[in-house]
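Subject: Structure for your review

Dear colleague,

Please find the structure below, followed by a summary of what was found in it. I would be grateful if you would read the two side by side.

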Amino acid sequence: MSMSSHDSIGQRLFGWVDERFRIAPLIEFLRHKKVPMHRHTVWYYMGGVALFLFIVQVITGILLILYYKGDEATAFESVRFITTKVKFGWLIRSLHSWSANFMVFFVFVHMFSTFFARAFRKPRELTWMTGFLLLALAMGFGFTGYLLPWNELAYFATKVGTDITGAVPLIGNMAKLVLRGGEDVTGATLSRFYAIHIAILPALFSVLLGLHLIFVQRLGMHEPSFVEKLPPERKKMIPFFPNFLLRDMLLWLIVLNILLYLSVYFPWEIGEKADMFASAPEGIRPEWYFMFMFQTLKLIPAHVLLIEGEVLGIVGFGLVGVAWMFVPFWEKAIPSAKSRRTILVIGIISVTFIIGMTIWGYLV
Amino acid sequence: MKALRISTMITLALALVSGAALADGTSVSANEEVAPSDAEVARRAFLENDQCYQCHLEDENLPEHFFIDDIHMQANLSCAGCHGGDPASDDDEESMSEEAGFLGVPSRSEVPEFCGRCHSDIEFMRRYQPRIPTDQVNRYSTSLHGQLLSSGDDNVANCTSCHTAHGVLPASDARSSVHPLNVPSTCNSCHGDTDHMAGYDIPTDQYEQYAKSVHGVALLEKEDTGAPACNDCHGNHGALPPGISSVTQVCGHCHVNNLQFFEATPMARAFEDSELHGCEECHGNHGVARTSDEMVGTGDASVCMDCHDDGDDGSDAAGRIRAQLDSLTEVYGIALERQEEVNTKGMDDVDIGFILQEAHQSLIQARTLVHTFDPERVGPRTREGVEKSKSAIEIAESTIQEYSFRRRGFGMGTLFITILVIALFFRIRQMESS
């Protein structure tokens, strides 16, 4: 790309970069990438919203690190300091908490919309699998982040959560010890969770997210079968860049406004400082996205056919999780005539189960 | 046959006792069997062989208010432990004979010495409760009760009047007649009885007054056993009404600072010279009411004006002290309202709370310093409290401003985002229509 003296500064800067890194073809690729428009297009935005929320998490998280102290003696006080003394600290902390919950929610919505649309099928098997792992990591972010304010509820919920980990056959006890950094939830657990939350998980998440986005861009948006069947001239398409991206941004702005509203009017509570010697308070429950599993484990009898109920539940969830991740491979075995209905039924049962158990968990 | 009947009755009696214990809160499910403790097994065995208890039980002739959990019974000191006799013999003539050491029932005037045979014996009491005092009988003899008893008045209280005769429980036991929560009603059973008290020329409405007093409400309603019952001011075994020279000391036993301040004033000597009862003159005795700032100053409710006249030095000092207290309570009240406002808005009020704790402390100290009757000593403390309250108000107002700022900021942010959304919407429409 040649530069003339009449070019604007922006064009000259772009030319300077393009000359060295050849980014013009990438922009051309994005400009030529098309997104189909149909009655289910709305679900395409869910992944984008989740991505936006992840960006919010990264920015607010970095700001929180500036003041947060991941130590048993100072963690609670530092969160209190952030919310009461640091300029806009209250906003950053609340945004981080609300955005975390929204992110998990939108990742769930994104995953189920993909599942119902059977968008996991060839050639998007790896996109699905990386997406599923991203959900698992998002839940890991939630689990580790929940403890960081070192308040009473988080402390005991982590105790229960890590106890459940301990019930996993063979590796459970070791995993519990590694997570806790000892026999019990202590300052060592807090340090570990902090390290996992701000270093290990972000590293893994970034790699998987990068792969996921590359796969999405490379393969393009999945077209539902009713769009696929249409002749090309009847398919309505819009360019990914800038049209779809601008639509994405419009939704991001609305989500940002909702986050601001919640942060201002419903700031996230600090609670009471954790006291390791106090008895557990009433109403200990995990974050809402773990509730369906927690409630299910509570409902399973102590022993089922000589197997411990908790172990059975954990193994069951583990197997279902693995099966869910590998759905692109076993779904192929279902006759194509029955596939749509089978996936629809499995999806409805799963969503109903998750919502039902979550509501039940909060009611009891 | 007799043995069978006796053992059935023992079982029934023990079942009743166990039932009472369960009803007292030792909840045990219906199917759960509680194994008796070793001590309980030993006690059952002891009672089975105690012929005094067995015969009186069989004849339904156990003494009034007999309680099987009586502290003496718990220590296997059954009937014979006090009344003598031979509990091993089931022949009443033999067991209750002089040869067997039977003492019978003591008269009311004999009761203190009767109990004192053991309770004044250090060696004997050490076997049961090594730390228990053994001077009760001596102290009793110095009390008004004891003095009247020795002068031949059988109507006055002796040991059993307060402790009961056959249902004695330690004062730490909530069922005991001398448990702190029960002391006022125990004393009142005689002192509130007009017939019983006729001839003693003392009022009988102490309990009514006490129950409404700040002490009585704390003890009887709030069950705060730190609050004084009758015996905390009048003594236990050596019960005497506090005199003019001692009433201030009695109150000062708990209200230490008030006593020190009061005693250092010229008023203390003047009170004594005028035969005034120290604290009691302003606060009353049994019906001591919750204090208020209205008690100070020159108003109608002021106790200062009971003795002082308008315009004298005392009324001037009282007026100044009241003004100092009012200046603090007014600002402190405003600060509390501001804190409440901050709290209602869901903002952080912890720092305000800390400062207000200090302001409240200043207020308490200023109110205590009222007993110096010196405005120069009360003033610095009230000024300190005013400064702290003002500082709390300042923080509260800035927090309330922050609250409004957040909402205004959100409003502006929303406006900005809405404009952006609308602009984007039209831009997209324009792009897609072209």
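Where in chain B is the place of Asp59(B)? Asp59(B) sits in the loop between helix H3 (51-58) and helix H4 (71-74) of chain B; helices (H or I, at least four residues) and strands (E, at least two) are DSSP runs, numbered from the N terminus.

Some conventions come before the findings. This is a predicted model, in which local features need pLDDT of at least 70 and side-chain atom pairs count only at pLDDT 80 or more, while totals for chains, interfaces and linings use all residues. Residues are numbered from 1 along each chain as its sequence is written, chains are lettered from A and ligands numbered from 1 in the order in which they are written, and side-chain values use heavy atoms, with hydrogens and water left out.

Chain A in outline

Chain A has 15 helices and four strands. Its C-alpha atoms fill a box of roughly 70 × 55 × 35 Å, taken along the principal axes. Of the 364 residues of chain A, 44% count as buried; buried means under 20% relative accessible area, exposed over 50%, and partly exposed in between (1.4 Å probe, protein chains only).

The loop between H3 and H4 of chain B

Asp59(B) counts as exposed because its relative accessibility is 58%. Glu60(B) is found in the loop between H3 and H4 of chain B, and it counts as exposed at 73% relative accessibility. Just after H3(B), Glu60(B) takes a positive phi of about 50°. Most residues other than glycine have a negative phi, and most peptide bonds are trans. Asn76(B) also has a positive phi, of about 60°, although it is not a glycine; Asn76(B) lies in the loop between H4 and helix H5 (79-83) of chain B and counts as partly exposed at 32% relative accessibility.

Within H3(B), Gln51(B), Cys52(B), Tyr53(B), Gln54(B) and Leu57(B) are buried.

Surface patches

Patches are made of residues with over 30% relative accessible area and no salt bridge, like charges being joined within 9 Å and nonpolar side chains (Val, Leu, Ile, Met, Phe, Trp, Tyr) within 5 Å. Asp59(B) and Glu60(B) belong to a patch of negative charge on the surface, together with Asp90(B), Asp91(B), Asp92(B), Glu93(B) and Glu94(B). On chain A, a nonpolar surface patch consists of Ile55(A), Val58(A), Ile59(A), Ile62(A), Leu63(A), Leu66(A), Tyr67(A) and Phe81(A), with about 730 Å² of accessible area together. Helix H3 (residues 44-65) of chain A gives the most to the nonpolar patch, with five residues. Ile59(A) is found in this helix and is partly exposed, with a relative accessible area of 49%.

Salt bridges

A salt bridge is a side-chain nitrogen of Lys or Arg within 4 Å of a carboxyl oxygen of Asp or Glu. A search of the whole structure finds 23 salt bridges over all chains. One of them joins Glu331(A) to Arg118(A), with the closest N and O atoms 3.8 Å apart. The pair links distant parts of the chain: Glu331(A) is in the loop between helix H14 (327-330) and helix H15 (336-363) of chain A, Arg118(A) is in the loop between H5 and H6 of chain A, and they are 213 residues apart. Glu331(A) counts as buried at 2% relative accessibility, and Arg118(A) is buried with a relative accessible area of 9%.

In chain B, Asp69(B) and Arg43(B) meet in a salt bridge (3.0 Å, N to O). Asp69(B) lies in the loop between H3 and H4 of chain B and Arg43(B) in helix H2 (residues 38-48) of chain B, 26 residues apart. Asp69(B) is buried, and so is Arg43(B). A network of salt bridges links Arg43(B), Asp69(B), Asp173(B) and Arg175(B).

Cis peptide bonds

Which peptide bond has omega near 10°? The bond from Lys122(A) to Pro123(A) is cis, with that value, and Pro123(A) lies in the loop between helix H5 (89-116) and helix H6 (125-147) of chain A. The peptide bond from Phe241(A) to Pro242(A) is cis as well, with omega near 5°; Pro242(A) is in helix H11 (residues 240-265) of chain A.

With kind regards

Note on methods. Accessible areas come from the Shrake-Rupley method with a 1.4 Å probe; for residues, only the protein chains shown count as cover. Lys and Arg count as positive and Asp and Glu as negative; His and the chain ends are not counted. The place of a charge is taken as NZ of Lys, CZ of Arg, CG of Asp or CD of Glu.
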